[in-house]
Amino acid sequence: MTVPRSAETAEPAEPAPAPPPRRTFGLAAATALVMGNIIGGGIFALPATVAPYGTISLLAFVVLSAGAVALALLFGKLARRSPVTGGLYVYPRDAFGDFAGFLSAWSYWTMCWVSIAALAVAVVGYVDVLIPLHGNHVLQAAVAMAALWLPAAANFAGTRWVGAVQVVSTVLKFVPLLLLATVGLFFVDADSFGPFNASGQSVSGALAASAALLLYSFLGVESAAVSAGEVRDPERTVARASVLGTLASALVYILGTVAVFGLVPHSELVDSGAPFADAVNALTGSSWGGTATALVAVVSITGCLNGWILMAAQMPYAAARDGLFPAPFARVGKGGVPGFGVWACAVLGTLLIALNYTAGPDTTFRVLVLITTFTGCVPYLLSAAAQLYWLARGTGDRVRPAGLVRDLIVAVLSFGFSFWLIAGAGYAAVYQGVLFLFAGIPVYVWLRGRKDKTEAPGFQRA
């Protein structure tokens, strides 16, 4: 609803009250949202992407799993004091003010639509198993764009349908992945694993570099916190869903990646476009298993896109309600989904696919993944800093004294973990990520200037 601008001498109009949240996500749907957003393109594409680093990437997975659990605990604690939609935008804003909130929202929103483009690119390798694309970049780009726009269209049906799709797609992909991660372990060949560190870097450098790539597979741990406004009993459900979803995803990731490394020879894995399909083919000795896995992968990634598009719309929606994002992002359709936000991320993702696909899908996926590492870690870093701020203040209504030490450990680990991943992303990714981040500053300056003008009675233009 548009609020008429008051006269210069009148009192500023009160902002329109936010519509009551649609509490459509229970524990199962919220956990499925976390798992669905975590287990998407990452698990299906990244084993081949990190294979050039060697089996040290398996160690990186273990480190990332511990860090992701720390982040899940952090977001659960923060959601107790701010159980509203927007999560990673709300926490820095409450602690440090509007500018920090905007930077977090802008960075997270950038991560979302870049991640959506990366996920759509990840679909291509598995579609190629089902329907050979013969290396035609036009066809590959068309498949990636179709994978993006189909779930975008589904989002207009509303959050209730998004939750239902997440539950169904999560079950469809979790069961076969878990089967591969368990049965496949009995057939691994030690000779297939390859060298521990195949990168030529130091062990610490290879660990950080592979972890920066693998972080992409854990993006989504914050999904329940971002959607807290749609979660029933968010003070309890967000924390439980975040931890349960992260632990289940980590289990599948570690076991599944070990199976892929042990079933597909290292020399073949580094060039694989569909590593899980290749692993199942090696396990069954025929192509039907790989075809079935490719179909599961397509369903999985499409379901993941369904959830990420919702995330990409909700973060700017929360900021737009505060006047810190362009006003169209605050418009909500009949289904409870911010429609303009869905359109915006879909269009930007399409442009990114079109601009980058000339380099080839493998290169495109790697570049996009590293950019999302930086832009995703910025709101993680700011959220951890916000928790440290509340702990340092010792505000009674925000910090429970009995859990002070535990909360401090979780916040420090989350901050250090996020900082380490930003460093491991590499100079190019940090450079590109900073450009994306700084591009939002003129937007903030304009919006803040307009907001301050309307809130200042008697403002006279010089």
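Asp98 forms a salt bridge with Arg448, and their closest N and O atoms are 3.4 Å apart; a salt bridge here is a side-chain nitrogen of Lys or Arg within 4 Å of a carboxyl oxygen of Asp or Glu. The pair links distant parts of the chain: Asp98 is in helix H5 (residues 98-130) and Arg448 in helix H18 (residues 441-455), 350 residues apart. Helices (H or I, at least four residues) and strands (E, at least two) are DSSP runs, numbered from the N terminus. Arg448 is partly exposed, with a relative accessible area of 28%; buried means under 20%, exposed over 50%, and partly exposed in between (1.4 Å probe, protein chains only).

The model is predicted: local features need pLDDT of at least 70, side-chain atom pairs count only at pLDDT 80 or more, and totals for chains, interfaces and linings use all residues. Residues are numbered from 1 along each chain as its sequence is written, and side-chain values use heavy atoms, with hydrogens and water left out.

## Other charged pairs

A search of the whole structure finds five salt bridges. One of them joins the side chains of Arg93 and Asp322 (2.3 Å, N to O). This pair also links distant parts of the chain, with Arg93 in helix H4 (residues 90-96) and Asp322 in the loop between H13 and H14, 229 residues apart. Arg93 is partly exposed at 22% relative accessible area, and Asp322 is partly exposed at 26%.

Arg406 and Asp407 meet through their side chains in a salt bridge (3.4 Å, N to O). Arg406 is exposed, with a relative accessible area of 51%, whereas Asp407 is buried at 5%. Salt bridges that share partners join Lys77, Arg406 and Asp407 into one network.

H13 has 34 residues, which should span 50 Å at 1.5 Å a residue; its end C-alpha atoms are 50 Å apart, in agreement. The expected span is 1.5 Å times one less than the number of residues. Of the 34 residues of H13, 26 are buried, so the helix is largely enclosed by the rest of the structure. Gly323 follows H13 and has a positive phi, near 80°.

Pro326 is in the loop between helix H13 (288-321) and helix H14 (339-356). Its relative accessible area is 26%, so Pro326 counts as partly exposed. Leaving aside neighbours within four places in sequence, Pro326 is in contact with Ala320, Val443 and Leu447, where contact means heavy atoms within 4.5 Å. Pro326 and Val443 are 117 residues apart in sequence and 8.3 Å apart in space, C-alpha to C-alpha.

## Surface and overall make-up

Leu59, Val62, Val63, Phe196 and Val203 make a nonpolar surface patch of about 390 Å². Patches are made of residues with over 30% relative accessible area and no salt bridge; like charges are joined within 9 Å, nonpolar side chains (Val, Leu, Ile, Met, Phe, Trp, Tyr) within 5 Å. Helix H3 (residues 56-81) gives the most to the nonpolar patch, with three residues. Val203 lies in helix H8 (residues 203-214) and is partly exposed, with a relative accessible area of 45%.

The protein chain has 18 helices and zero strands. Buried residues make up 55% of its 462 residues. The chain exposes about 18600 Å², of which carbon and sulfur atoms supply 68%; accessible areas come from the Shrake-Rupley method with a 1.4 Å probe, and for residues only the protein chains shown count as cover.
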